[in-house]
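The sequence and the structure are shown here.

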Amino acid sequence: MTDRPEPLRLGSIAPNFKAETTNGPIDFHEFIGDNWVVLFSHPEDYTPVCTTELGAFAKLEPEFARRGVKLIGLSANTIESHGGWIKDINEISGSDLKFPIIGDKQRQVALLYDMIDHQDATNVDSKGIAFTIRSVFVIDPKKTIRTILSYPASTGRNTAEVLRIVDSLQTGDKHKVTTPINWVPGDDVIVHPSINNEKAKELFPQFKAIKPYLRVTPLPKEQTSAAA
């Protein structure tokens with residue numbers, strides 16, 4: 001197996017690449033442009049879990065788009081294979097999949113982003129090439145990786161959680177807040193620790209200090225990215 005690349009971490013610049021997709025060739029950094037991007041990988045076309053996932057992402061694409069987020073998938077097969085698979089996805093899920101899917105039969109992008117399965121050495125194709133796992137990268141307009149999620153091939157993702165992460169990141173960037181466990185837009189948020197109480201009173205008149213290190217404040221859904 002090819003040596004693993006240097007690990008990508010939160011704060012890393014998303015590596016650039018050129019690739020063929022179902023919507024034509026792309027330069028990834030040009031594709032990002034001034035948008036947020038969710039890049040997510042799948043082990044293989046015409047597989048059950050992947051099919052349900054892509055249908056779910058397709059149905060939620062308008063919500064991502066409202067937040068200035070582009071979706072782009074990856075599967076370790078050819079563009080031609082993707083095209084036939086998309087027909088199945090739309091039929092099964094009742095969706096209309098429009099976002100691009102990268103053709104990565106040689107695992108070039110998968111290796112660049114360390115999307116390869118190292119947990120299960122048997123997860124390979126007929127030629128012994130490792131399949132990809134279910135990776136998710138949330139990337140901001142500065143090309144910075146803000147979130148990395150990795151799921152085993154056997155476990156489907158939660159698309160609503162990916163959207164929630166985007167809302168948390170975008171809302172936090174705008175309002176200088178962080179979000180507590182299970183937060184959804186409309187719930188109270190946490191005043192960022194870097195903001196002192198004097199500034200917090202100015203920014204968040206209704207903030208409440210539960211502990212000196214835990215200060216919460218209401219933030220209506222209308223002021224979050226969910227209201228974009």
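Arg157 is buried, because its relative accessible area is 10%; buried means under 20% relative accessible area, exposed over 50% and partly exposed in between, with a 1.4 Å probe and protein chains only. The model is a predicted one, in which local features need pLDDT of at least 70 and side-chain atom pairs count only at pLDDT 80 or more, while totals for chains, interfaces and linings use all residues. Residues are numbered from 1 along each chain as its sequence is written, and side-chain values use heavy atoms, with hydrogens and water left out.

Arg157 belongs to the loop that links strand E7 (145–151) to helix H5 (159–175). Helices (H or I, at least four residues) and strands (E, at least two) are DSSP runs, numbered from the N terminus. Residues that Arg157 touches, beyond those up to four places away in sequence, include Phe40, Glu53, Phe57, Arg134 and Tyr151; contact means heavy atoms within 4.5 Å. The side chain of Arg157 also makes a polar contact with the side chain of His42, at 3.2 Å. A polar contact is a pair of N or O atoms within 3.5 Å; within protein, one must be able to donate a hydrogen and the other to accept it, and residues adjacent in sequence count only if both atoms are side-chain atoms.

The two residues below may be set side by side.

Val49 is in contact with Arg134, Ala153, Ser154, Thr155 and Gly156, leaving aside neighbours within four places in sequence. Val49 and Gly156 are 107 residues apart in sequence, and their C-alpha atoms are 5.9 Å apart in space.

Helices H2 and H5 pack at an angle of about 30 degrees, with their axes 9 Å apart. H2 is therefore roughly parallel to H5. Axes are lines fitted to C-alpha atoms, for helices over the stretch in contact, and angles run from 0 to 180 degrees between N-to-C directions. Angles under 35 degrees count as roughly parallel, over 145 as roughly antiparallel, 65 to 115 as roughly perpendicular and the rest as oblique. Among the residues that meet, Phe57 and Leu60 are in H2, and Leu163 and Val166 are in H5.

In total, the protein has six helices and 11 strands, and buried residues make up 49% of its 228 residues.
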